[in-house]
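Please walk through this protein chain step by step, beginning with the terms needed to follow its helices.

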Amino acid sequence: MPILRVMPLLLLWVMLACASLPLWSPDRAVAQEMVGPAAGADEMKAPDYKQWEKTATRAEREIADRETESASYEMMRGYLVQWRDTFLGAQGLNASRIASVRSQLDALGSAPAEGETEPDDIAQRRRELTTQLSELRAPVVAAEEAYQRADGLIREIDRVVRERQTEELLRIWPMPLNPANWPSAAGEVSGLAVDLWDEGTGRVASPAAQSTTRDNLPAILGLLAVGLLLIARGRSLMERLTQQLQDQVSARGRKVTSLMVSLGQIAAPVAGVVAVSHAITLSGLAGPRTTLIVEALPAVGFILYSAGWLAGRIFPKNGQQTSPLNLSVERRREGRFHTAMFGVVLALDGLRGVALPPARVGEAATSVMAFPMIVLAGVFLFRIGQLMLASVRNDLGDDEPTSFRNSVIDLLGRGAIAIGVIGPLLAAPGYIAAATALVYPAGITLGLIGLLFVLQTLVVDLYGLATRNEEGGRDALLPVLIGFLLALAMVPLLALVWGARVADLTEIWARFREGYQVGSTRISPTNFLLLAIVFSIGYGITRLLQGALKSQILPKTRLDQGGRNAVVSGVGYLGIILAALVAVNSAGLDLSNLAIVAGALSVGIGFGLQNIVGNFVSGIILLIERPVSEGDWIEVGGVQGTVKSISVRSTRIQTFDRTDVIVPNQDLVAGRVTNWTRYNMTGRLIVPVGVAYGCDTRKVERVLREIAEAQPLAILNPPPSVVFMGFTQEFMSFEIRVILRDVNFSLSVRSDINHMIVQRFAEEGLRLTHMSREVWPPEPEEPEPEGLDEEEMAALLAPAPRQKDNVPKGTSAVDPRASEEEDPDDEPDGDADADGAAEGVAEATGSNR
């Protein structure tokens, strides 16, 4: 396999290899003839269609000739791509003028139907505009036709090239196991050795080469000394330094530092190889075949040392280093060996492709020399796959489900094992090209995935270093997103590894960049990018305006908090809508042609999203009418609490138990809602009091009224009232009815009133009743106490009050829960109790009766 087929995954060394190899370039005159002056000219100028006709005719002739070499096809394809880009740009000629003329035609109205007429001046103007539009559209139509022709020729070339690639993969080479083919391979290897020896001895004997060597001797010796030292000691020194840093991973940033330093295990020895290669070139002792090998040495060294470095990162020696595989020390040692040896096989096969190319040595010799490399690569691939499966088994417990990570590792491991077996089996009968295209890309794919893991680990460590939270970086969202982008960036490299051409990737990108035609509008990623940028700017301006209104402008107005929130939300909605409209207009997207499709889809969407749309409209109504605002105390659907936020779809209510309830906006608009504090904070509080029989009712009424009027939050107009509600079998029922300025404090006021009732009744000699309780079995009768006067006896014999459900019929307006004991410490002042306060507010409308 040629060395250049190994290198696509390594971008840096692709550039170095391309720079070192002699590049073929067409004659400038020929290129100018094929591309034409329009290729480098302004895209908005009319192309040279005569020159294009010559290029297209030649391309069709070469496509029809099946004997044309693939290199000629690629060159022709490059010219056609340039022409196609030119025609794509030419489709925008006269765009503004065409739009203007069409607007004028639309202003004239629809053309009259058959048999109908219109005024002569309008008909004449319609004919003039139609003629003008046809003239303006002529170059656009020509560009569209030429674009389609160029695109069709490019597709034809791609089809022919792919057919040739398929034929090459399925072609049977001479069987490598046939002993008859072995002598040719041995002869080519010995011939290479002889040629290299002859070139060396000939150059040594050449006076010109000797003169060159003498002139460059200091540089040659220096490069050789530095290069050999880096090759011999550079990797080991860097490895020891990396190991020392890894032993101190607890220190902040040491993980990142150790990874960066570990790259010296590649850079140092490869620099040594480059120095030695350059020294040999400066000596002038290398002949033609030797020069090819020497120029390939840096790439070969890069493959060797990169495989060793990657093996150390995936199968680390130090247990403290992060590894994607859960393996023991012995199994990690095996993994390092197999990975490094696969890199050796890959490098040797690449070097063989340079020193002994198939076109020079023949298919029989190439088949025999490639077969051992394929078998070794398959063996190492098989063993690496087994290690991956072993890691999955070590990670799984008895009843633990398989994680996504282990599923991917299991899939890759099984694939590596299968390819490690299938590859040599294909190569044995002579399918060398198919085996080569299967085994080596599989190993390179595993290497790229390992590199992806190293990069993702580096991103996590860098994030932890930046946030000073090394453990939190593993669970953060940003490193995950960056890792996902890195995985996407690996896709083109994987495509190149598995045989895709660079032209294939550029074609996909060209299609992606050109976009798709929807009606009369071409939608491309650039349109969406511009749309996203303009919308982001508009959204940012909207947020800034909302912030200024909320913090600087609205607080200085007379609007209440609910009105301010409504204005801020309305500005936000309006700003987002305007930003979207401006973004669509700036991107040049004509959505009028999508009206029919949108109308058809709206029926289905209407049924599926009617609740969401209803809630959205209800949210707008809430912001406009403001029956409910943030901070209001409301009751809806049996839920009481304070409105915390009103969003597009729902409203968040915080109950008095400090739980959040999400209520759809439609329930607040279409349902029954009780708003205790929307228009005023006043509300009536009712405190029931049970007084024992025998007490002076007028005195009780006076004491209760004094207690009510003494409350600081009580409103004196209308004044508090005390109502004698009636009689029960257990007690006389009184009620204190007082209107509070702020009903949110009803709980604390109720508590103060109860305290004062106990205190004043004790001072005034009044008695409260107590709640009776039924005891089962019945308590034994106690003997009648002696020495008691008649009043004390009557108090003892007074029937005890029953439970809270024995409320007199005349007290229906009183909440039975009001007689229960309440702890005022359950809620702080200013935070209303859901039961007691609701009871008071329920009577607010009847306070003046």
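Helices here are DSSP runs of H or I with at least four residues, and they are numbered from the N terminus. Helix H7 covers residues 120-170, and within it Glu156 and Arg159 lie three residues apart, so about one helical turn separates them. Their side chains meet in a salt bridge, with 2.7 Å from N to O. Glu156 is partly exposed at 31% relative accessibility, and Arg159 is also partly exposed, at 31%.

The model is predicted. Its protein chain has an average pLDDT of 79, and 78% of the residues score at least 70. Residues 37-43 stay under 50, and the model gives them 12 contacts beyond four places in sequence. Residues 771-788 are below 50 as well, with 15 contacts beyond near neighbours in sequence.

The salt bridges number 33 in total. One of them joins Arg760 to Glu706, whose closest N and O atoms are 2.8 Å apart. This pair links distant parts of the chain, since Arg760 sits in helix H27 (residues 746-764) and Glu706 in helix H26 (residues 697-709), 54 residues apart. Arg760 counts as buried at 16% relative accessibility, while Glu706 is partly exposed at 32%. Another salt bridge connects Glu735 with Arg737 at 3.0 Å, N to O; both of these residues are buried. Salt bridges with shared partners also build one network, whose members include Glu74, Arg77, Asp151 and Arg501.

Strands S5 (residues 650-654) and S6 (residues 660-664) run antiparallel and are joined by five bridges. Gln654 has Asp660 in S6 as its bridge partner. The two strands form a hairpin with five residues between them, and Arg658 in the turn has a positive phi of about 65°.

Terms used:
Residues are numbered from 1 along each chain as its sequence is written. This is a predicted model: local features need pLDDT of at least 70, side-chain atom pairs count only at pLDDT 80 or more; totals for chains, interfaces and linings use all residues. Side-chain values use heavy atoms; hydrogens and water are left out. pLDDT is the predictor's confidence in each residue, from 0 to 100. Contact means heavy atoms within 4.5 Å. Two strands pair if DSSP finds at least two bridges between them. A salt bridge is a side-chain nitrogen of Lys or Arg within 4 Å of a carboxyl oxygen of Asp or Glu. Buried means under 20% relative accessible area, exposed over 50%, partly exposed in between (1.4 Å probe, protein chains only).
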